[in-house]
Amino acid sequence: GWTHHTSTNKISANPDGDAWNTGTNIGAARMHNAIIVPVACKNITLIAEGDVDTDDNTMEMFLFTTTRQSGSADVPVLTQIGTSGAVTFTNSGNRWRNLDITTTATADAGSKIMIMIKPGGSSGQVRWNYSLIGYTNG
(Lines give C-alpha, C1' and ligand atoms only; values in the text may rest on other atoms or scores of the structure.)
Protein backbone atom coordinates (compact mmCIF):
# COMPACT_ATOMS: atom_id res chain seq x y z
CA GLY A 1 0.00 0.00 0.00
CA TRP A 2 0.88 3.68 0.06
CA THR A 3 3.74 4.68 2.26
CA HIS A 4 6.25 7.49 2.66
CA HIS A 5 9.31 5.39 3.28
CA THR A 6 11.04 2.37 1.80
CA SER A 7 13.53 0.04 3.45
CA THR A 8 15.93 2.36 5.29
CA ASN A 9 13.90 5.48 4.40
CA LYS A 10 16.53 6.36 1.82
CA ILE A 11 16.76 6.43 -1.95
CA SER A 12 19.85 6.46 -4.10
CA ALA A 13 18.63 8.38 -7.14
CA ASN A 14 18.33 12.16 -7.19
CA PRO A 15 15.92 12.67 -10.09
CA ASP A 16 14.92 16.25 -9.47
CA GLY A 17 17.59 18.27 -7.71
CA ASP A 18 17.06 17.96 -3.96
CA ALA A 19 13.37 17.17 -4.34
CA TRP A 20 13.80 13.59 -3.14
CA ASN A 21 16.34 14.32 -0.40
CA THR A 22 18.82 11.73 -1.62
CA GLY A 23 20.28 9.61 1.18
CA THR A 24 17.96 11.04 3.80
CA ASN A 25 14.34 10.50 4.79
CA ILE A 26 12.03 10.90 1.84
CA GLY A 27 9.44 12.65 4.00
CA ALA A 28 5.67 12.55 4.04
CA ALA A 29 5.40 14.95 1.08
CA ARG A 30 7.16 12.44 -1.18
CA MET A 31 4.54 9.73 -1.41
CA HIS A 32 5.28 6.57 -3.32
CA ASN A 33 4.12 3.07 -4.02
CA ALA A 34 6.09 0.09 -5.32
CA ILE A 35 4.39 -2.45 -7.56
CA ILE A 36 6.04 -5.83 -8.18
CA VAL A 37 6.09 -6.62 -11.90
CA PRO A 38 4.41 -10.03 -12.53
CA VAL A 39 5.75 -10.56 -16.09
CA ALA A 40 8.38 -8.80 -18.20
CA CYS A 41 6.85 -5.76 -19.89
CA LYS A 42 7.74 -2.80 -22.07
CA ASN A 43 6.36 0.59 -23.06
CA ILE A 44 5.39 1.27 -19.44
CA THR A 45 2.66 3.89 -19.28
CA LEU A 46 1.01 5.71 -16.38
CA ILE A 47 -2.45 7.18 -16.96
CA ALA A 48 -2.94 9.50 -14.00
CA GLU A 49 -4.82 12.50 -12.68
CA GLY A 50 -4.43 14.60 -9.58
CA ASP A 51 -6.17 17.32 -7.58
CA VAL A 52 -5.20 19.64 -4.73
CA ASP A 53 -7.37 21.84 -2.53
CA THR A 54 -5.51 25.16 -2.82
CA ASP A 55 -4.81 27.39 -5.84
CA ASP A 56 -1.31 27.88 -7.23
CA ASN A 57 -0.01 24.53 -6.00
CA THR A 58 1.72 21.98 -8.21
CA MET A 59 1.88 18.21 -8.54
CA GLU A 60 4.27 16.00 -10.48
CA MET A 61 4.42 12.23 -10.87
CA PHE A 62 7.54 10.13 -11.49
CA LEU A 63 8.12 6.51 -12.53
CA PHE A 64 11.18 4.52 -11.44
CA THR A 65 12.32 0.92 -11.75
CA THR A 66 14.29 -0.92 -9.08
CA THR A 67 15.00 -4.42 -7.84
CA ARG A 68 13.21 -6.15 -4.99
CA GLN A 69 14.97 -6.32 -1.66
CA SER A 70 14.89 -9.38 0.55
CA GLY A 71 16.24 -8.98 4.05
CA SER A 72 18.63 -6.27 2.93
CA ALA A 73 19.17 -2.90 4.54
CA ASP A 74 20.73 -1.57 1.35
CA VAL A 75 19.40 1.64 -0.09
CA PRO A 76 17.32 0.80 -3.19
CA VAL A 77 18.85 1.93 -6.48
CA LEU A 78 16.23 3.74 -8.53
CA THR A 79 16.29 4.34 -12.27
CA GLN A 80 13.95 7.12 -13.39
CA ILE A 81 12.01 6.13 -16.50
CA GLY A 82 9.59 9.05 -16.78
CA THR A 83 7.95 12.14 -15.35
CA SER A 84 4.65 13.87 -15.99
CA GLY A 85 6.19 17.30 -15.57
CA ALA A 86 4.81 19.67 -12.95
CA VAL A 87 1.20 20.75 -13.35
CA THR A 88 -0.06 23.96 -11.71
CA PHE A 89 -3.55 24.02 -10.23
CA THR A 90 -5.71 27.14 -10.38
CA ASN A 91 -9.32 27.38 -9.26
CA SER A 92 -8.62 24.23 -7.27
CA GLY A 93 -11.11 21.94 -5.65
CA ASN A 94 -12.39 19.13 -7.87
CA ARG A 95 -10.44 20.51 -10.83
CA TRP A 96 -8.42 17.46 -11.76
CA ARG A 97 -5.37 17.70 -14.03
CA ASN A 98 -3.84 14.92 -16.14
CA LEU A 99 -0.42 13.64 -15.08
CA ASP A 100 0.19 10.95 -17.72
CA ILE A 101 3.60 9.40 -18.43
CA THR A 102 4.41 7.43 -21.59
CA THR A 103 7.76 5.60 -21.86
CA THR A 104 9.56 3.04 -23.97
CA ALA A 105 11.08 1.58 -20.80
CA THR A 106 11.12 -2.10 -19.90
CA ALA A 107 10.82 -3.94 -16.57
CA ASP A 108 11.80 -7.52 -15.80
CA ALA A 109 9.49 -9.98 -14.05
CA GLY A 110 10.06 -9.72 -10.31
CA SER A 111 11.42 -6.17 -10.42
CA LYS A 112 9.53 -3.18 -9.00
CA ILE A 113 8.02 -0.10 -10.58
CA MET A 114 7.79 2.84 -8.20
CA ILE A 115 5.28 5.62 -8.65
CA MET A 116 6.21 8.80 -6.80
CA ILE A 117 4.01 11.83 -6.28
CA LYS A 118 5.59 15.21 -5.57
CA PRO A 119 3.09 17.87 -4.50
CA GLY A 120 4.30 21.45 -4.28
CA GLY A 121 3.03 24.43 -2.36
CA SER A 122 0.87 24.46 0.74
CA SER A 123 -2.03 22.22 -0.18
CA GLY A 124 -3.57 20.39 2.76
CA GLN A 125 -5.27 17.79 0.61
CA VAL A 126 -3.80 15.88 -2.33
CA ARG A 127 -5.75 13.32 -4.36
CA TRP A 128 -4.80 11.17 -7.33
CA ASN A 129 -5.94 8.21 -9.39
CA TYR A 130 -3.87 6.14 -11.78
CA SER A 131 -3.62 3.06 -13.96
CA LEU A 132 -0.24 1.50 -14.70
CA ILE A 133 0.10 -0.28 -18.04
CA GLY A 134 2.93 -2.43 -19.40
CA TYR A 135 2.78 -4.32 -22.68
CA THR A 136 4.07 -7.88 -23.05
CA ASN A 137 4.10 -7.62 -26.87
CA GLY A 138 3.59 -4.92 -29.49
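Which residue forms a salt bridge with E60, and how far apart are the closest N and O atoms? The legends below, which describe a predicted model, begin with this pair.

**View 1. Salt bridge between E60 and K118.** The partner of E60 is K118, and the closest N and O atoms of the two are 3.8 Å apart. E60 belongs to strand β3, which covers residues 57-66, while K118 belongs to strand β9, which covers residues 112-120; the pair therefore ties together parts that are 58 residues apart in sequence. Both E60 and K118 are buried. Side chains of opposite charge can pair when their charged atoms come close. The whole structure holds 2 salt bridges, and the pair of D51 and R127 is also one of them.

**View 2. Salt bridge between D51 and R127.** The side chains of D51 and R127 meet with an N to O distance of 2.2 Å. D51 is buried, at 0% relative accessibility, whereas R127 is partly exposed, at 26%.

**View 3. Aromatic pair of F62 and F64.** A count of aromatic pairs, taken as rings with centres within 6.5 Å, comes to 1. The ring centres of F62 and F64 are 6.2 Å apart and the ring planes meet at 25°, so the pair is stacked; the cut-off for stacking is planes under 30 degrees apart. F62 is buried, with a relative accessible area of 2%, and F64 is likewise buried, at 0% relative accessibility.

View 4. With a relative accessible area of 12%, S111 is buried, because the term applies to values under 20%. A polar atom of the S111 side chain lies 2.6 Å from the backbone oxygen of D108. When neighbours within four places in sequence are left aside, S111 is in contact with I35, I36 and V37, and also with T66 and R68.

Key. Residues are numbered from 1 along each chain as its sequence is written. This is a predicted model: local features need pLDDT of at least 70, side-chain atom pairs count only at pLDDT 80 or more; totals for chains, interfaces and linings use all residues. Side-chain values use heavy atoms; hydrogens and water are left out. Rings of Phe, Tyr and Trp (its six-membered ring) pair if their centres lie within 6.5 Å; planes under 30 degrees apart count as stacked, over 60 as edge-to-face and the rest as tilted. Buried means under 20% relative accessible area, exposed over 50%, partly exposed in between (1.4 Å probe, protein chains only). A salt bridge is a side-chain nitrogen of Lys or Arg within 4 Å of a carboxyl oxygen of Asp or Glu. Helices (H or I, at least four residues) and strands (E, at least two) are DSSP runs, numbered from the N terminus. A polar contact is a pair of N or O atoms within 3.5 Å; within protein, one must be able to donate a hydrogen and the other to accept it, and residues adjacent in sequence count only if both atoms are side-chain atoms. Contact means heavy atoms within 4.5 Å.
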